[in-house]
Amino acid sequence: MRDDLREILFSEEQIEKRIKELGAEITRDYKGKQLMLIGVLKGCFVFLADIARHIELDCEIRFLTASSYGFASVSSGKVNVDKNIEFDVDGKDVLIIEDILDSGITLTALHAIVAKNKPASLKTCTLLDKPERRQVPFTTDYTGFVCPNEFVVGYGLDYGERYRNLPYVAVLKPEIYS
């Protein structure tokens, strides 16, 4: 598996340090509020688990499944939401947790779906932000790292359902996905 990687972009230590910082920032910003974390499966599962442990608040955790990639290396431009909101966000402060903000297509669609259910507030937190790939304007409220325009895997991010278990974020060699 490591032979498939060109380089490590963000080490396990860098990620751990940044997640602690994000957790402290979110804790401060949401103090006294009814926070609901909504993780976007599948890629967020590692990030959500780690950041939730660093948010020192009582928070509800829910999940949605969405994708615009499937088994491809580029977004299809169409968002598949496998699960509509089956829980109440009305009046709650909602923070959508996503692994990567890339094209902006998925987060724009999810933001609209959640917003129409009348949360008290709605923000987003992504481990990675890849602004060079944006197809629709979208800005995340909390960002772990700005990511170069490379195909990355690890720490929950995958290619063909592989590489999610890497403890760091790495660039996948182009010959693997092309």
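Let us begin with glutamate 161 and lysine 42, whose side chains meet in a salt bridge of 3.2 Å, N to O. By salt bridge I mean a side-chain nitrogen of Lys or Arg within 4 Å of a carboxyl oxygen of Asp or Glu. This pair links distant parts of the chain, 119 residues apart: glutamate 161 is in the loop between strand E8 (152-153) and strand E9 (169-172), and lysine 42 is in the loop between strand E2 (35-41) and helix H2 (45-52). Helices (H or I, at least four residues) and strands (E, at least two) are DSSP runs, numbered from the N terminus.

Before going further, a word on the source: this is a predicted model, in which local features need pLDDT of at least 70 and side-chain atom pairs count only at pLDDT 80 or more, while totals for chains, interfaces and linings use all residues. Residues are numbered from 1 along each chain as its sequence is written, and side-chain values use heavy atoms, with hydrogens and water left out.

How accessible are the two partners? Glutamate 161 is partly exposed, because its relative accessible area is 36%, and lysine 42 is likewise partly exposed, at 45%. The classes are these: buried is under 20% relative accessible area, exposed is over 50%, and partly exposed is in between, with a 1.4 Å probe and protein chains only.

A second salt bridge joins aspartate 158 to arginine 164, with the closest N and O atoms 3.3 Å apart. Through shared partners, salt bridges join Lys42, Asp158, Glu161 and Arg164 into one network.

A cis peptide bond joins leucine 41 and lysine 42, with omega about 10°. Most residues other than glycine have a negative phi, and most peptide bonds are trans. Two residues are of interest for their phi. Tyrosine 163, in the loop between E8 and E9, has a positive phi of about 80° although it is not a glycine. Is tyrosine 163 buried or exposed? With a relative accessibility of 1%, tyrosine 163 counts as buried. Lysine 118, in the loop between H3 and strand E6 (121-129), also has a positive phi, near 60°. Lysine 118 is exposed, with a relative accessible area of 59%.

Salt bridges also occur within a helix. In the whole structure, a search finds 15 salt bridges. One of them joins the side chains of lysine 17 and glutamate 21, at 2.8 Å, N to O. Both residues lie in helix H1 (residues 12-29), four residues apart, about one turn of the helix. Lysine 17 counts as exposed, at 54%, and glutamate 21 is partly exposed, at 34%.

Helix H1 leads us to a pocket. Which element gives the largest share of the lining of the second largest pocket? That share, five residues, comes from H1. The lining includes Glu12, Ile15, Asp50, Arg53, Tyr155 and Pro167. A pocket here is found on a 1 Å grid over the protein atoms alone: an open set of points where a 1.4 Å probe fits, with protein on both sides within 12 Å along at least five of seven lines, and lining residues have an atom within 4 Å of a point. The volume of this pocket is about 150 Å³.

Next, lysine 92, found in the loop between strand E4 (80-81) and E5. Lysine 92 is buried, with a relative accessible area of 13%. Lysine 92 touches Gln34, Met36, Glu60, Pro119, Ala120 and Ser121, not counting residues up to four places away in sequence; contact means heavy atoms within 4.5 Å. Glutamine 34 is 58 residues from lysine 92 in sequence, yet their C-alpha atoms are 5.7 Å apart.

To close, the chain as a whole. The chain has four helices and nine strands, in the order β-α-β-α-β-β-β-α-β-β-β-β-α along the sequence. Of its 178 residues, 47% are buried. Among contacts between residues at least 6 apart in sequence, 68% join residues at least 24 apart. Thank you for your attention.

Conventions:
Grid points are joined across faces, edges and corners, and a volume is the space filled by probe spheres set on the points.
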